[in-house]
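Thanks for asking me to look this over with you. Please keep the structure open while you read, and find each side chain as we come to it.

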Amino acid sequence: LEQQQQFYESREKEREAKEKQLEQQRTTTAQDQDTENKQINIEDTKEFQDLLDRRLQEAIDEALCKSEAEIMFFHNNEVESLRYELQQSREVARKERERA
């Protein structure tokens, strides 16, 4: 009877040891998964930030190009306007000379 009780006690201890081992494995697996998820989130955040940075740089470059084009457009218009005024004033001066 005592041998039987020792056998059951040893089986119970083995079962408890296996349960502890399984629980520890579950905890380790959960921690590993959590660590992996955090790493994925960090990588996703970095990738997202890189994408935002690229889009911002593209928007800045586009705005600079538009500004440059607008400046050239206004400059060219101003030059044409000045040429026209000069031509008109020469025309007026020529007509005045012809009258005189």
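1. Start with Arg94 and Glu91, whose side chains form a salt bridge with the closest N and O atoms 2.3 Å apart. Bear in mind as you look that this is a predicted model. Both Arg94 and Glu91 belong to helix 1, and the three residues that separate them in numbering amount to about one turn of the helix.

2. Are these two partners buried or exposed, or do they fall in between? Arg94 has a relative accessible area of 33%, so it counts as partly exposed. Glu91 is also given as partly exposed, because its relative accessibility is 30%. The band for that label runs between the buried limit, under 20%, and the exposed limit, over 50%.

3. Now move to Arg83 and Glu80. Their side chains meet in a salt bridge with an N to O distance of 2.9 Å. Here too the two residues lie in helix 1, three residues apart, or about one turn. Arg83 has a relative accessible area of 52% and is therefore exposed, since the label needs a value over 50%.

4. Next, please find Arg26. Which residue does Arg26 form a salt bridge with? The partner is Glu23, and the closest N and O atoms are 3.1 Å apart. Arg26 and Glu23 sit three residues apart in helix 1, which is about one turn of the helix. Glu23 is partly exposed, because its relative accessible area is 43%.

5. Salt bridges can also link up into a network, and there is one to find here: Glu12, Arg15 and Glu19 are joined in this way.

6. Last, look at a group of acidic side chains. Glu43, Asp44, Glu47, Asp50 and Asp53 form a negative surface patch. One of its members, Glu43, lies in helix 1, which covers residues 2-99. Glu43 has 43% relative accessibility, so it counts as partly exposed.

Terms used. Residues are numbered from 1 along each chain as its sequence is written. This is a predicted model: local features need pLDDT of at least 70, side-chain atom pairs count only at pLDDT 80 or more; totals for chains, interfaces and linings use all residues. Side-chain values use heavy atoms; hydrogens and water are left out. Patches are made of residues with over 30% relative accessible area and no salt bridge: like charges are joined within 9 Å, nonpolar side chains (Val, Leu, Ile, Met, Phe, Trp, Tyr) within 5 Å. Accessible areas come from the Shrake-Rupley method with a 1.4 Å probe; for residues, only the protein chains shown count as cover. A salt bridge is a side-chain nitrogen of Lys or Arg within 4 Å of a carboxyl oxygen of Asp or Glu. Lys and Arg count as positive and Asp and Glu as negative; His and the chain ends are not counted. The place of a charge is taken as NZ of Lys, CZ of Arg, CG of Asp or CD of Glu. Helices (H or I, at least four residues) and strands (E, at least two) are DSSP runs, numbered from the N terminus. Buried means under 20% relative accessible area, exposed over 50%, partly exposed in between (1.4 Å probe, protein chains only).
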